[in-house]
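Hello,

My notes follow below it.

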Amino acid sequence: MRRSGSRIVVAASLVAAATAPAWVWNPYHLHTLIMAGIFAVLALSLNLLLGYTGQLSLGHAAFFGIGAYASGLLTVKLEWSPWIGLVVAIALPALAGWVIGRLALKIRGAYFVLLTISFAGVVSLVSVNWMELTNGPLGLPGVPPLELALPWLGEVSLRTKSAYYYVVVAAVALCYLVCLGLVRSRVGRALVALRENETLAESVGINVTHYLVLATVVSAAMAGLGGGLYAHYTRFVSPEVFLFTYTVTMVIMVVAGGKGTLAGPVLGAVLFTALPEVLRAATSWQWQMLLYGMLLVIVLFFLPQGIVPAVQRRR
Amino acid sequence: MLGATYSLLGIGLTLVFGLMNVVNFAHGEFYTLGAYATFAALVLGSVNFFLAIPIAIVVGAAAGALCDRVLLRPLRGASIDTVMLVMIGVWIAMQNAELLGWGGVAKNIPTPLPTQPLTAGPVSVAPLRLFVFVVSGLLILGAHLVLAKTKLGRAMRATFQDRETAALMGVSIDRIHTITFAFGAGLAAAAGALLGPVFLLYPSMGDLASLKAFSVVILGGLGNFAGAALGGLVLGIAEELGAGYISSGYRDAVGFIIIVVVLLLRPAGLFARAERVG
Amino acid sequence: MILEVRDLAVRFGGVTAVGGVSFGVAAGTVTSLIGPNGAGKTTAFNVITGFQRPTAGGVMHDGTTITGWRPHRIAARGLVRTFQKTSLFPGLSVHENVLTGLHLRGRVGFVAALLRRGRVGAEERALDDEAERVIGFVGLGARRETLASALPYGEQRLLELAVALAARPRLLLLDEPGSGMTISEKSALAALIQRVRDDGITVFLVEHDMRLVMGISDRVLVLNYGRLIADGSVTEVQRDPEVIRAYLGTGATRERA
């Protein structure tokens, strides 16, 4: 009885999600959903590292930012098509992720966290100081929106919120499926083995470096996609993408939602994008962040595995 | 001079990490706390400057002890990742609490020391910086003496090396943990109190402090007191060089770069001895 | 000789863990490496399986030099080891533990996982069956869904063996498999090791329990202070005076030192 109950809930949410632009009247709410979708992509990417290989990356904002800047710069300065911008937004962070993964060798745990923080810090400083490339703190305005040229419809601008919503939903679905495919296979088991007992994993033939690099690359690529989507949605890129608040928000989404699950990060993303909106009416963003900090601690105390696993255990 | 304060920060962090296996991402916040406590004592409480600093240290240590009692003790057996995330939560909470309490506008701490630089031959030094350097040095020396000579220090070192045996010998592990954490927090607060007058105060000053502390710890090797002391000085010098050669905007990047480079090449730190594998 | 070790030496910080040791392990046998504590046995194991680099000397498997190779490559050649301290995937069930151990038997990689789901499904089913077989072989069938960390100690050691066997070793290296086991658990272990040998897998083990060792070994190697002091059949080693001195004469050596 219970299983079919939860299936109905899941199905209903999917239908609601698919038709949202139809029944969500307030354009601001639609904006919130779009941002939630972008964060869902980011949360899924972080979850791949944190939830499966067990390594925490606090530098994911760097991959996000590199993706945003890559796509932004190419479309603004070189006037390339935004779709190519998106591809580069995926490829460039993936390359950065590869470099980090390859270099990280034996670096694990807290050291890995520091490595990623430092990477993010350096990238952030570069974006602020290298004015010729990135325009520094002034940011990059006028990033073009995505446009789709379909042969029978002509040029369809994806400028409207409704249209962009579907782009984002497609992206979330894509990332979800990628994660699902990886996790339900030998690859996923190898990643988990990394988290559970790396030495044992090596002794049964799992090439630990290879899988860590794989996880980092895919994770970075996804985060980059999120960055690209963000750039073409807000049409403006500035060093603020590297703000630590983004990283923190991602972490909370994954940890509170449920690391190591796939529904967790998505749920976390929706929750923690909607929550600030609810709070925004009442309080300033400092209170939000303060709440976030306390929430993180509280969740870790009472629901160390996150919301989704706690719900699953109830069944 | 900066190097000495970095040493203070680093020593606190390395002790906490080495002894308690806690990655204290909130370390910078105790630094900030120390600075703001000094401000509060001076400006609001009209306390003497030289008295404000010890007060700040006490406040920092107390906050550290509180943090350990309330948050870390219940989590004693939890995985290092959970603790790490909890400390990140503390970091966010503390920083934003400070933002709310003090506002985002930078504050200034006035000092009674003369602003005219003292000159001794070709070297000229601002009295404030000299003061900071001297006090930092004294604190480092003091910390070393406590660790090396006192019964408490011996208990701390014993717990660090072999927790179970120390417990068998009658050392209260819980209390040592609280004291160690408070010690680390107090040192961070001291750094904050000392550097507060030198730079401006703003709530996110702790972020950079945290990072530099980690930089120092990685340079010196985890749990390595002398390494952290030396590491602080190395970082200070490296920053001066970096700021001079590249550009001052990248000054803070030096800390990051050091972390990355050392982690990649010599994860045990520059001053650590070769570890035995297996 | 399926495994050959030549002039193997491991020295660090002034300590000589292993000092110039040479021996060979014959295929299809159960060979044991014994010696007093600190004789360098686990160090030798670490070097052979790639977890540690030797200061000098070489390790050869089936004629190929594998010295300094990374552990997963060595495992891919069919040399799989267990660990002295219980080493499992604690958060996973028995079944999942063994499935993970079957890593080398799968071929699905990143691309296949995403694009060739049919192949993934078939592989998963095949691996599932294989996992059942291995779990049955060590006798943990009833514990299939139990979390590894929830198993009693003796069963955890069996699970370790299962995970190692899943990796399809041709040479299985067991590091103190009997440590912490009761007498009845040890005789069950002995029987299991013999079944493994009968399946065609060469077994090379490090052990402290003399009864266990003498009961199942075809050959025994004795290490003391990093040097090989005996190499032969069970009866030969039992009678070797140097071996007797090494085990019983430690009082005298301590006095001299």
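In chain C, the centres of domain 1 and domain 2, taken over C-alpha atoms, are separated by 27 Å. Domain 1 of chain C covers 1-78 + 170-257, and domain 2 covers 86-168. These bounds come from an automatic or database domain assignment. Ten residues of domain 1 of chain C are in contact with nine residues of domain 2 of chain C. Contact here means that the C-beta atoms of two residues, placed from the backbone, lie within 7 Å. On the domain 1 side, helix H2 (71-76) and helix H7 (183-198) of chain C are the elements that give two or more residues. Helices (H or I, at least four residues) and strands (E, at least two) are DSSP runs, numbered from the N terminus. That domain 1 side divides into six nonpolar, three polar and one charged residues. Ala, Val, Leu, Ile, Met, Phe, Trp, Tyr, Cys and Pro count as nonpolar, Asp, Glu, Lys and Arg as charged, and the others, Gly among them, as polar.

Some ground rules. This is a predicted model, in which local features need pLDDT of at least 70, side-chain atom pairs count only at pLDDT 80 or more, and totals for chains, interfaces and linings use all residues. Residues are numbered from 1 along each chain as its sequence is written, while chains are lettered from A and ligands numbered from 1 in the order in which they are written.

Confidence next. The predictor gives the complex an ipTM of 0.85 and a pTM of 0.81. Chain C has a mean pLDDT (the predictor's confidence in each residue, from 0 to 100) of 85, and 95% of its residues reach 70 or more. Within chain C, strand E7 (residues 171-175) is highest at 92, and helix H11 (residues 250-256) is lowest at a mean of 42. Over residues 250-257 of chain C, pLDDT stays under 50, and the model has one contact beyond four places in sequence for them.

Now the interfaces of chain A. Towards chain B, 31 residues of chain A are in contact with 32 residues of chain B. Helix H5 (109-129), H11 and helix H13 (285-302) of chain A each supply at least two residues to that side. H5(A) gives the most, with 13 residues. By class, this side has 24 nonpolar, six polar and one charged residues.

Towards chain C, 21 residues of chain A are in contact with 27 residues of chain C. Helices H7 (161-183), H8 (186-196), H9 (198-203) and H10 (208-234) of chain A give two or more residues each. H8(A) gives the most, with six residues.

H11(A) has a simple length check. At 1.5 Å a residue, its 14 residues (244-257) should span 20 Å, and its end C-alpha atoms are 20 Å apart, which agrees. The expected span is 1.5 Å times one less than the number of residues. Twelve of the 14 residues of H11(A) are buried. Buried means 20 or more other C-beta atoms within 10 Å of the residue's own, with C-beta atoms placed from the backbone. Just after H11(A), Gly258(A) takes a positive phi of about 130 degrees.

Finally, the largest nonpolar core has 273 residues, of which Ala43(A), Met87(B), Ala189(B) and Ala162(C) touch the most other members. H10(A) provides its largest share, 16 residues. A nonpolar core is a set of buried Ala, Val, Leu, Ile, Met, Phe, Trp, Tyr and Cys residues joined through C-beta atoms within 7 Å.

Best wishes
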